[in-house]
Amino acid sequence: NVPPDAICWVMPRDSWFLNRANVQPGMEFFMQSLGSMATQMECIAQSHSVPKLFGKLEASGQLLRLDTSIEPTMYHAAVMSQAELQALRQIKNIVRKGRVLRIEPDQMVLQHGTVAVDAQRVFVDCSASAAELRPAVPIFQGNKIVPQFVRAFQPTFSAALVAHIEAMVDDEATKNQLCGVVPLPDTPLSWLTMHAANMANSNQWSKVKGLGKWIAESRLDGFSKLMRSVDPSDTEKLAVLQRFGTNAGSAAMRLRELLARAGG
């Protein structure tokens, strides 16, 4: 019940957000979730530059941002609904002067300036990250396993698949080939690197007999099973899957092109 005008929001970096409407599991959300995946493949395949790609992703409702006049420099895969976004847009006092260096009795000292404050102000630190950004390393290293993501946003599925590969495959090089690390996101370019790594892993998994069935039957995987359970007579859902499949190959190649140009 705090009025928006009473809030001062220190925002070192503006961010892109995932649209919450597009990441809901279950058959009742099929058209939104799988439709979103198909649209993302189309956006990638049709884009010849990173700015054009993000323009298409925003225009199609895949990504959201707080202020459409400011180009975000952060992507941490945060999820935002349209209602949440409208609520946050009520906060008008946003300070974009970098990170807070220290708080003094009468001012906040930031990287690029200061902001006057009074002694009665309450400060709330919302800067913690869900996971620490670290360089990717091979998951399988002799007698050591270094758990990391093998699918974006899904730590539990990633852990389960790594365990399954450990039990199923003997050769370490093959294990690491099947468990390519999907890096944690930080900048907007991370959206591309995550999708490229996801698609590369999916391609590797499709070549292993029985692995696709294991993934589809895993309770930790919501979307593979969803795709396989579409009724053959449901032409609307089949059309969505066809859109996805038609553009997936072109999208994978285009991602590699865009990342090469961007140095990612």
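## The β7–β8 hairpin

A hairpin made through 2 residues joins β7 to β8, where strands are DSSP runs of E of at least two residues, and helices runs of H or I of at least four, numbered from the N terminus. Strand β7 (residues 107–110) and strand β8 (residues 113–116) pair in the antiparallel sense over 4 bridges, two strands being paired if DSSP finds at least two bridges between them. Gln107 has Ala116 in β8 as its bridge partner.

## Basis of the model

This is a predicted model, in which local features need pLDDT of at least 70 and side-chain atom pairs count only at pLDDT 80 or more, while totals for chains, interfaces and linings use all residues. Residues are numbered from 1 along each chain as its sequence is written, and side-chain values use heavy atoms, with hydrogens and water left out.

Strand β2 (residues 15–19) pairs with β4 in the parallel sense over 4 bridges, and the partner of Trp16 in β4 is Tyr75.

## Helix α6

Helix α6 (residues 189–206) has 18 residues and reaches 26 Å from its first C-alpha to its last, close to the 26 Å expected at 1.5 Å a residue, the expected span being 1.5 Å times one less than the number of residues. Among its buried residues are Trp191, His195 and Trp205; buried means under 20% relative accessible area, exposed over 50% and partly exposed in between, with a 1.4 Å probe and protein chains only.
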